[in-house]
Amino acid sequence: IYDIESPQPGSNFGSEVAWVGDLNADGYNDILVGAGVPKIWVFSGQDGETVLASYTGADSFGKSLAGLGDYNHLGWPSVIVGDSVGQKIVLLNPILN
């Protein structure tokens, strides 16, 4: 069990959370976290360390997110992140090292 503190104080860190599969190919499922700010984080399921912190320009990026599994049959999980202000969704097919 991990106690992950907000890397961005004052945000709504943890307002969206998804178990997204093994995004960094280390054998452990990882955690995708939104904060109601234009940023998402991926934390390692192995040790809780930050694997990815991603920014975009829209204020609503990351207010909705989900793990999709290997929906496109490429051999690794994908994630989808909503951006209601930019009126789009962002599909990510990461393998993070």
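Biologist: What is the mean pLDDT of the protein, and what share of its residues reach 70 or more?

Modeller: The mean is 86. Of the residues, 94% reach 70 or more. The scale runs from 0 to 100.

Biologist: Where is confidence lowest, and where is it highest?

Modeller: Strand 7, residues 88–92, has the lowest confidence, with a mean of 82. Strand 2 has the highest, at 93. Where pLDDT is low, predicted coordinates should not be read in detail.

Biologist: How many helices and strands are there in the protein?

Modeller: There are 0 helices and 7 strands. From the N terminus, the order of elements is β-β-β-β-β-β-β.

Biologist: What share of the residues count as buried, and how much area does the protein expose?

Modeller: Buried residues make up 37% of the 97. The protein exposes about 5400 Å². Carbon and sulfur atoms supply 51% of that area.

Biologist: What share of the contacts with a separation of 6 or more comes from residues 24 or more positions apart?

Modeller: Such residues account for 30% of those contacts.

Biologist: What makes strand 5 and strand 6 a pair?

Modeller: Pairing needs at least two bridges. Strand 5 and strand 6 have 5 bridges, in the antiparallel sense. That meets the cut-off, so they pair. One of the bridges joins G69 to S78 in strand 6.

Biologist: How do you know that strand 6 also pairs with strand 7?

Modeller: Use the same test, at least two bridges. Here 5 bridges join strand 6 to strand 7, and the two run antiparallel. So they pair as well. I80 has L91 of strand 7 as its bridge partner. V81 stands opposite V90 in strand 7.

Biologist: What order do the strands take in this open sheet?

Modeller: The order is 5-6-7, with antiparallel pairing among the 3 strands.

Biologist: Why are strand 5 and strand 7 called edge strands?

Modeller: Each of them pairs on one side only, so strand 5 and strand 7 are the edges. From one strand to the next, the twist averages 20°.

Biologist: What lies between strand 6 and strand 7?

Modeller: The two strands form a hairpin, with 4 residues between them. Q87 sits in the turn and has a positive phi of about 50°.

Biologist: What makes strand 6 mostly covered?

Modeller: Of its 6 residues, 5 are buried. Buried here means under 20% relative accessible area.

Biologist: Why is A25 called exposed?

Modeller: The cut-off for exposed is over 50%. A25 has 52% relative accessibility, so A25 counts as exposed. A25 lies in the loop between strand 1 (16–21) and strand 2 (30–34). A25 also has a positive phi of about 55°, although it is not a glycine.

Biologist: How do you know that H73 is exposed?

Modeller: H73 has 69% relative accessibility. That is over 50%, so H73 is exposed. H73 is found in the loop between strand 5 (64–69) and strand 6 (78–83). H73 has a positive phi of about 60° and is not a glycine.

Biologist: Why is W76 called partly exposed?

Modeller: W76 has a relative accessible area of 27%. W76 is placed in the loop between strand 5 and strand 6. W76 and A25 are 51 residues apart in sequence, and their C-alpha atoms are 8.3 Å apart.

Biologist: Which residues does S54 touch, leaving out those up to four places away in sequence?

Modeller: S54 touches P38, K39, I40 and F61. Touching means heavy atoms within 4.5 Å. S54 has its place in strand 4, residues 50–55.

Note on methods. Residues numbered from 1 in each chain as written. Predicted model: local features only at pLDDT ≥ 70, side-chain atom pairs only at ≥ 80, totals over all residues. Heavy atoms only, no water. Buried < 20%, exposed > 50% of the residue type's maximum accessible area, 1.4 Å probe, protein only. pLDDT = per-residue confidence, 0-100. Axes fitted to C-alpha atoms, helices over the stretch in contact; angles between N-to-C directions. Areas by Shrake-Rupley, 256 points an atom, 1.4 Å probe, with all protein chains shown as cover.
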